Amino acid sequence: TKAGVIALAKTVAVEHGKRNIRMNCLCPAGARTPMVADFVKNAPPEVRDVVENQSPVPGLLEPSDVGQAAAMLCAPNSKLTGVAMPIDGGLVACAPSWNVTDYVAIAEAAEAQERA
């Protein structure tokens, strides 16, 4: 789980910092992988809108966004350690107040429209 990886990163950062060993981790949201892109393409418009606008910075996370964040954490900065960096368009910063989505209700409404 992400919580386990975060705990590991912080533990290694604390226990090995004096040896100049740094440990950080990335916590990306759903990224535009082929599987996610296929899901979004075939999803009902309501679901697509929710997926693409669930955070303050709209749009799906691109794999290059994760790579750029990884490169930043690899910068030669001995004080940058123990970081759990969310890459999510600001979702964690505002959750749960931003946009609580009831995916079940959306799917049920889409099914009801198809039956009508």
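User: Among contacts between residues at least 6 apart in sequence, what share joins residues at least 24 apart?

Analyst: This is a predicted model. The contacts considered here join residues at least 6 apart in sequence. Of these, the share that links residues at least 24 apart is 73%.

User: In what order do the helices and strands follow one another from the N terminus?

Analyst: The protein contains six helices and two strands. Read from the N terminus, the order of these elements is α-β-α-α-α-β-α-α.

User: What is the radius of gyration of the protein, and what would a compact globule of 116 residues have?

Analyst: The C-alpha atoms fill a box of roughly 65 × 25 × 20 Å along the principal axes. A compact globule of 116 residues would have a radius of gyration near 13 Å. For this protein the value is 18 Å.

User: What percentage of the residues counts as buried?

Analyst: A residue is called buried when its relative accessible area is under 20%. The protein exposes about 7900 Å², and carbon and sulfur atoms supply 62% of that area. Of the 116 residues, the buried share is 20%.

User: Is A31 buried or exposed?

Analyst: A31 sits in the loop between β1 and α2 (34-42). Leaving out residues up to four places away in sequence, A31 touches V36 and L61. Its relative accessible area is 16%. The limit for buried is under 20%, so A31 is buried.

User: How far apart are the C-alpha atoms of A31 and T81?

Analyst: Along the chain, A31 and T81 are 50 residues apart. Their C-alpha atoms are separated by 24 Å.

User: Which residues does G82 touch, not counting residues up to four places away in sequence?

Analyst: G82 is placed in the loop between α4 and β2 (84-87), and at 23% relative accessibility it counts as partly exposed. In sequence G82 and K10 are 72 residues apart, yet C-alpha to C-alpha they are 4.5 Å apart in space. K10 is also one of the residues that G82 touches, and the list is A9, K10, A13, M23 and N24.

User: What is the relative accessible area of G67?

Analyst: G67 is found in helix α4, residues 63-73. G67 is partly exposed, and its relative accessible area is 40%.

User: What is the phi of N20?

Analyst: Most residues other than glycine have a negative phi. N20 lies in the loop between α1 (2-16) and β1 (25-28) and is exposed, with a relative accessible area of 56%. Although N20 is not a glycine, its phi is positive, at about 60°.

User: How far apart are the centres of the positive and negative side chains?

Analyst: The protein has 10 positive and 12 negative side chains. The centres of these two sets lie apart by 17 Å.

Technical notes
Residues are numbered from 1 along each chain as its sequence is written. This is a predicted model: local features need pLDDT of at least 70, side-chain atom pairs count only at pLDDT 80 or more; totals for chains, interfaces and linings use all residues. Side-chain values use heavy atoms; hydrogens and water are left out. Helices (H or I, at least four residues) and strands (E, at least two) are DSSP runs, numbered from the N terminus. The radius of gyration is taken over C-alpha atoms; the globule rule is 2.2 Å times the number of residues to the power 0.38. Buried means under 20% relative accessible area, exposed over 50%, partly exposed in between (1.4 Å probe, protein chains only). Contact means heavy atoms within 4.5 Å. Accessible areas come from the Shrake-Rupley method with a 1.4 Å probe; for residues, only the protein chains shown count as cover. Lys and Arg count as positive and Asp and Glu as negative; His and the chain ends are not counted. The place of a charge is taken as NZ of Lys, CZ of Arg, CG of Asp or CD of Glu.
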